[in-house]
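User: I'd like to go through some salt bridges and a bit of helix packing here. Can you take my questions one by one?

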Amino acid sequence: MTQTLHPTDDELFYFLALHMIPGIGPALAKTLISYHHTARQVFQTKISALSTTPGIGRVLAERIQNFLKDHGRQVEKEYNYLKKNNIQILAFYSPDFPSRLKNIPSSPSILFYKGNINLNDFHLVAIVGTRKATPYGSLVTKKIVEDLKKYNVCIVSGLAYGIDVIAHKAALEHGIPTLAVLAHGLDRIYPPLHTPVAKEISASGGLLTEYFRGSKPDKENFPVRNRIVAGMCEVVIVVEAADSGGALITADFARSYRREVFAVPGRLGDVYSEGTNQLIKQGEAHLFTDADDLANILHWDLPGRDQRPKIIQADLFPHLTDAEAEIYQLLKSTEKVHIDQIMMQTDLPLSKLLSMLTEMELKGAIISLPGKVFQAL
């Protein structure tokens, strides 16, 4: 499996099934595919071999092997629902998976996407803020979106009341792609009042979620959703925010992922500017002045040059250990490296090396290819 090839429909069926198994979350799904190369191969591996995969014991291995036999119709029903409703399954190893999102420690392994754009063809810009936007916040949001149009952007937000939906509507008005990241399944829209806007968004941008059909917009889902907004974007702009809330959570995630954060200054004493003013005061966000200043800080080129966003590695994946960083440098120096060559170069025992390579893949630094070959991202 390579980054340049899209998973086949057959592979996506098995990939979906893997994520429907109780006890298989994003980390274990990535580990299984790292060791067994494809989701289909996971189901075809004998229990004795499957149970030796890190994190997979005998009980879980048996559950995997029996799952399609016991629940195959349920998987078919889910898969057919997705196909019928033009919802794409984005696997973490698919070239359509948001590239920056792969590199965050808590990256999802599966996404459901209903839309018409390739998310890796744009500068992804998150615009977030309070659900109780003031006239000032509304005006500023519309102006920011309009001024960003020339920079080949896609506006990302959460379809919530206030700043979120204002940003989406402004993007639609100016013919700018926009993406709504949801905290529930794609069989519903929350809040329901925004259903017409969501339909427009899916026609000219997209709706994205990690949640299966039937998942409700539970309160605890929204902070989890915010990590996706922050992780997939190059920059987060906080327009208005009180001293707590989802917008500040998104900004916190963005800083932890080494993304740029901008905040719009507000009037002194305005409750919905307390959060943004505090971000600026504490040096946790750039003062937003205008779109051109933001573009200069991010080193964006204007249209007419290569418009694909430049993915800049932040200090060589700062979450890698020294030993992992050494392996990463080895893989970075050539296109693809077989595990035997890595073992010779590093003088590590196979068991230790496999464990490190798996950990590096979970961190988004490398990807495994067929034939025990690895490649740096």
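Predicted model: local features only at pLDDT ≥ 70, side-chain atom pairs only at ≥ 80, totals over all residues.

User: Is R40 buried, partly exposed or exposed, and at what relative accessibility?

Analyst: Residues are numbered from 1 along each chain as its sequence is written, and side-chain values use heavy atoms, with hydrogens and water left out. Buried means under 20% relative accessible area, exposed means over 50%, and partly exposed is in between (1.4 Å probe, protein chains only). On that scale R40 counts as partly exposed, at 30%.

User: Which residue does R40 form a salt bridge with?

Analyst: A salt bridge here is a side-chain nitrogen of Lys or Arg within 4 Å of a carboxyl oxygen of Asp or Glu. R40 sits in helix α3 (residues 39-44) and its partner in helix α1 (residues 9-19), 30 residues apart; helices are DSSP runs of H or I, at least four residues, and strands are runs of E, at least two, numbered from the N terminus. The closest N and O atoms are 2.6 Å apart, and the partner is D10.

User: How many residues apart in sequence are the parts that E78 and R213 tie together?

Analyst: Their side chains meet in a salt bridge at 3.2 Å, N to O. E78 is buried, with a relative accessible area of 9%, whereas R213 is partly exposed at 31%. E78 lies in helix α5 (residues 58-84) and R213 in the loop between β6 (206-209) and α9 (221-232), so the parts tied together are 135 residues apart.

User: Which helix do D147 and K143 both lie in?

Analyst: These two side chains meet in a salt bridge, 3.4 Å from N to O. D147 is partly exposed at 25%, and K143 is partly exposed at 47%. They're four residues apart, about one turn of the helix, and that helix is α6 (residues 135-148).

User: What do the buried residues of α11 pack against?

Analyst: In α11 (residues 274-281), the buried ones are G275, T276 and L279. Seen down the axis, they fall within an arc of 100°, so they line one face of the helix; the arc is that of the directions from the helix axis to the C-beta atoms. Taking contact as heavy atoms within 4.5 Å, they pack against β7 (235-238), α10 (246-256) and β8 (260-263).
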